[in-house]
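Here is a short report on how two chains meet. Look at the structure first, then read on.

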Amino acid sequence: MSYLGSFFGFGILGNALDAFQEAANVTSDNIANSNTPGASRQVVNLQEAPAVSGSPFASAHIPGTLGNGSIAASVQRIHDESYDSLFRGASSSQNFFTVQQSQLTSLQSSFGEPSNGVNSYFTAFQTAISQLASQGGSSTSARAGVLSAAQALTQSLNSASSAISQQQTQTIAQAGSIVTTVNGILDKIATLNGQIRASTAVGDNPNQLQDQRDQLVDQLSQYLSTQTNIQADGSALVTVNGQALVNDTVAYHLSQPVVGTAANGTPTFKIDFQSNPPAASNAPGIPLGSGQLAGFQDLYNNKLTAYSQQLDAFASSLAGEVNRITESGYDQNGIAGTALFASAVPGTSITAANIHVSIADPSQLPAALASTAAGNLVVPMNSANNTVDTSAALNANGGLADPPAAAGITGTLTVNVDGVNQTFTYNTNTTDTTVSAFISHFNSMHYGVTASFNASAQSIVFARDPSNIDLVHRAAQAAAGTPTSPDFTITDSNNPAVAGTSLLGALGAANISGVQQNNTNAFGAGDSGAANALLQSFSSNAGVPFLQTNSGAANVPAPGTFTIALPAGVTNVNVGDVLTVDAQPGGVGPQENVTVSAVSFNPATGIESFTATYANAHAAGFSISSAQKQTMGQAYGQLVTQMGSDLATANTGVQSQTALSQNINNARQSVDGINVDEETQNLIKYQNAYQAVAQSMNVMESLLNTVINTLGSGH
Amino acid sequence: MRIATSTMYDNQTIQIDNLVAQQQQQGTEASTGVQLNGPSDDPMQIATDLQVRTTIAQENQANANIQNATTQLTTVDGAMSTLTSIMQSARGIAVQAAGGFTSPTQQSALASQVDSLLQEAIGVANTKYNGQYVFGGTSGGSTSGPVTPNGQPISSVTFNGNLNQQNEKLFNGQSLNTSVSLQQAFNFQSPDGSPDIFQTLITLRDTIQNGTVTSESAAGVNSPNTAFTGGAGAQAINTAGILSTALTPDANGNVDIQILSAKAPAGVTIAIPATDTVPQVLTAINAQTAATGVTASFDYRQQRLTLSSNAGNFSVTDVASAGAPTPGNFVEAFGLQSQANLQNDVSRQLGDIDHATQVMLNARSSLGGTLQTLNAIGTANSSQVVNDTKVQSGIEDADIAKVISQFSQTQTVLQAAYATTTRLESKTLFDYLQ
């Protein structure tokens, strides 16, 4: 319509009809896509067509230019990139929590707490022990009850452990299939980048391609954190924490998730970029930020691995405490006790996965403890017709059959327990002036043997005490390398046979030196000393140590004073704490106990270091543990609390991040979303305009008719 | 603000989803009555909850244990009640025997009654509860029981058990002795050396049966914190301070005695220098056994001198050695009865019976104390269970009224949401286009 004929108005109207038709088409497209995810609303930019000027045919006798109608200049995509990045951040975060929520919910129900979990079986084990302690070691039904409760407990630990490891396997498998999806998305984005760049180069607006690409990046942000940078040529640079995922038409594929090794040796879930050769197992992996993949990674590294370690620590603590007691007891047949719990895989340390009950026969359950009372190793201390006054001075005490000489006596008792000789120094003038003083002095040394006075037998009783909480002695026993045994011997440095010269003699013993407890002189089968000791261990601080870690890359090269940095996050060491350290990684002896002399903390790195004096060298990665400060039940409760609060955090996270991403999406949609009502109004608007133009065409036609027919017929 | 059509739908969907999830949670709480269905429901309280559950189970077990211990002690008390009757009967027989016999038949009948009592006492000593011998200490079960008689007639018993306590250890660390040892019940292996119930009955039976008569120190002869010893270090009987009644020798430094018996109607004088040791005294007396029928022994643990004869009554008197005006005081210093006859002898055995009975009664009264303690602990424990159950309920149980009201509130909102959604979704501008 570029020429100005007499009926130039047809050209004007034709342009407008085209423009309104285009506008109606775009509106229809909008309505058609009102439910298409990622579709942005499009508008037609209507423009006045350029004015007609300078034509010889123009009736240019009046000022002004005449327009040439309206034209559809472009179809514009309404989109605000700033909302995209906000939405994707929230969506990543929402998905991070969503996968954790679903995984942790299933783990929580596998654990069955608080009603049907490990705790209830642990409780049942305790009550079974209590029944055995109450009914005495000769009650076969109580013995069998303990064994079956122990079996149920180990099975519940096994299944809790397997629930965690299955979850770990699943985490890797699910993350693996996500990686495949992500790689597909990356390919599509790369392809779209190429198409968009080509289209942009020729000045086109590739609206639909851009919508598709944005939609794909939205999808991608569900899986990991993304940042998008639209380049001048129209292509998008998609990165995850600064590392390119898609650059122009190149997609950098992720490799399948692997369990690599962190700097401190712990297994770590990570995802690398595909490369040849594959990334080293100790390479750091891609910083995933947030999203489902990061959710799985966090789940594996910071939750499942921690749960599994805590559960293993509980199982090994339980086995350690219980075994130490059963190994120092006697069974119903008077035979030295064996460990109640063992690893199903011989030669490996006990974990929640492999713990099992190693005693099958109820009569072999050690419930009794050795003592001198049973072995008649100590005779009445009193002289004829006298009662021993335990608070009266020992020296020259006529109430004793063999009192120490009036001047007092000194010497040592050698107490041999579990192959460790421990020396007790006595002096009846200072530390051991009375029977009571001797007993409390002796018991304060925690030798694994306790002394008490039996008033009715007028004799002193030495009994094996497996509830030895003294860390130093425990470590000394572990260091000696001999297994725990029920036997003990006590030897006096002075000859008890010479009257008035020895403490053992004064205590009424013809001699208890060198007498080995055995199945003929142990407590009887009806004794429940070991069961009582077990009972006690449940209520004492025998749980998982408050500190259990390793020295990482630090080592102690030689005996001396060294400062060792603890792994990041371990910050609960105090000056004066006694720590047990192994010579080698993995709990390999010999152990030694060190006292912390100084602690320093670097707030910048979060690293705490402690200084101590070592008697031995220790290889890098040696394990560090401290005395228990909680009961076994509390240690397990801590694990359950941790799991519960992790899931609660995930639940809250899902809620808040869902709301957040929804709000951002609403805001985004308010700009680029399609409102059917609005589009309908537009459609009506364009329709009306079209109708008006068409009507104008009629008028034009009638004008033309007038000109052609009326004027013509006059000639 | 523009609202995209899909936003409208999406928002409604999410709100309804949230409300349904909320209603489901409230429904679960209302129908189970429990708000703590998993650790994540209340991570702050879950550790306490686990602890309380364990504590309640422990306390329930403790109650069962206390019940068991109470029943066991009741059995023991029953056994000791039987034993009390046995000792009362034995005492009656001893009193009757001390009154003198009318005939050898009666003597034999009484002896046989005592033998029956002895066997009954052995039966009591082997009382069982729940498969365990209650007086066996911690020795466990054996087929025959801890006390087995030796000889026919029974001349001694063998004890296969031990004297250890059976302790009831409670979860709070408290330890209760829930047993009575053979020593406490039967005065067995008494630290003061006094004879046990079995030995007392055996001696009584033999005394009545055989007419064995003894003259024995009424009590230990030593002063407190002193004792005669035998062997190489034996002290002279006139060592100052040992005898509680000081030895007063005659003018010649002797404490001679004379024994009169059926065998030696004229009397046999035994010379005892005050510088003799206890073994020397015994040797001197036993050297004349053939003439007197009397043998001497000394119990170093009890510090008692015993002269006994199975040839009828005898008497022991102090006599002066040649040339001395007055005799020494050996009989007095060693607390002997000057006339040893069956009546005196049996009367003296009443002391042993009474002593053993007293020891047993002491054990019974301490057993009664233990039963009371157990009862008190049981009551305290039961109320502790109630308290702990309250704590558990406070942590776990839902506030039903609150949950129900929340539930209906959620339901109202949910219905409103459904209604709104239906309205919103039913109309678009298209509906009004002609």
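## Where the chains meet

In this predicted model, 63 residues of chain A are in contact with 63 residues of chain B. Five helices of chain A each give two or more residues to the side that touches chain B: α3 (118-135), α7 (372-375), α11 (529-539), α12 (632-672) and α13 (676-713). The largest share comes from α12(A), with 15 residues.

What kinds of residue make up the side of chain A that touches chain B? They divide into 44 polar, 16 nonpolar and three charged.

## One helix pair

Two packed helices are described by the angle between their axes and the distance between the axes. Take α12(A) and helix α1 (residues 5-32) of chain B. They pack at an angle of about 165 degrees, and their axes are 10 Å apart. An angle over 145 degrees counts as roughly antiparallel, so α12(A) is roughly antiparallel to α1(B). Their crossing is left-handed.

Which residues meet here? From α12(A) come A:Q662, A:N666 and A:Q669. From α1(B) come B:S6, B:T7, B:N11 and B:I14. Six residues of this contact are polar, one is nonpolar and none is charged.

## The form of chain B

Chain B has ten helices and 13 strands. Its radius of gyration is 42 Å, while the globule rule gives 22 Å for 434 residues, so chain B is more spread out than a compact globule. Its C-alpha atoms fill a box of roughly 160 × 50 × 30 Å along the principal axes.

Of the 434 residues of chain B, 38% count as buried. Among contacts in chain B with a separation of 6 or more, 67% join residues 24 or more positions apart.

Terms used. Residues are numbered from 1 along each chain as its sequence is written. Chains are lettered from A and ligands numbered from 1 in the order in which they are written. This is a predicted model: local features need pLDDT of at least 70, side-chain atom pairs count only at pLDDT 80 or more; totals for chains, interfaces and linings use all residues. Two residues are in contact if their C-beta atoms, placed from the backbone, lie within 7 Å. Helices (H or I, at least four residues) and strands (E, at least two) are DSSP runs, numbered from the N terminus. Ala, Val, Leu, Ile, Met, Phe, Trp, Tyr, Cys and Pro count as nonpolar, Asp, Glu, Lys and Arg as charged, and the others, Gly among them, as polar. The radius of gyration is taken over C-alpha atoms; the globule rule is 2.2 Å times the number of residues to the power 0.38. A residue is buried if 20 or more other C-beta atoms lie within 10 Å of its own, exposed if 12 or fewer, and partly exposed in between; C-beta atoms are placed from the backbone. Axes are lines fitted to C-alpha atoms, for helices over the stretch in contact, and angles run from 0 to 180 degrees between N-to-C directions. Angles under 35 degrees count as roughly parallel, over 145 as roughly antiparallel, 65 to 115 as roughly perpendicular and the rest as oblique. A crossing is left-handed if the near helix is turned anticlockwise from the far one by less than a right angle, and right-handed if clockwise.
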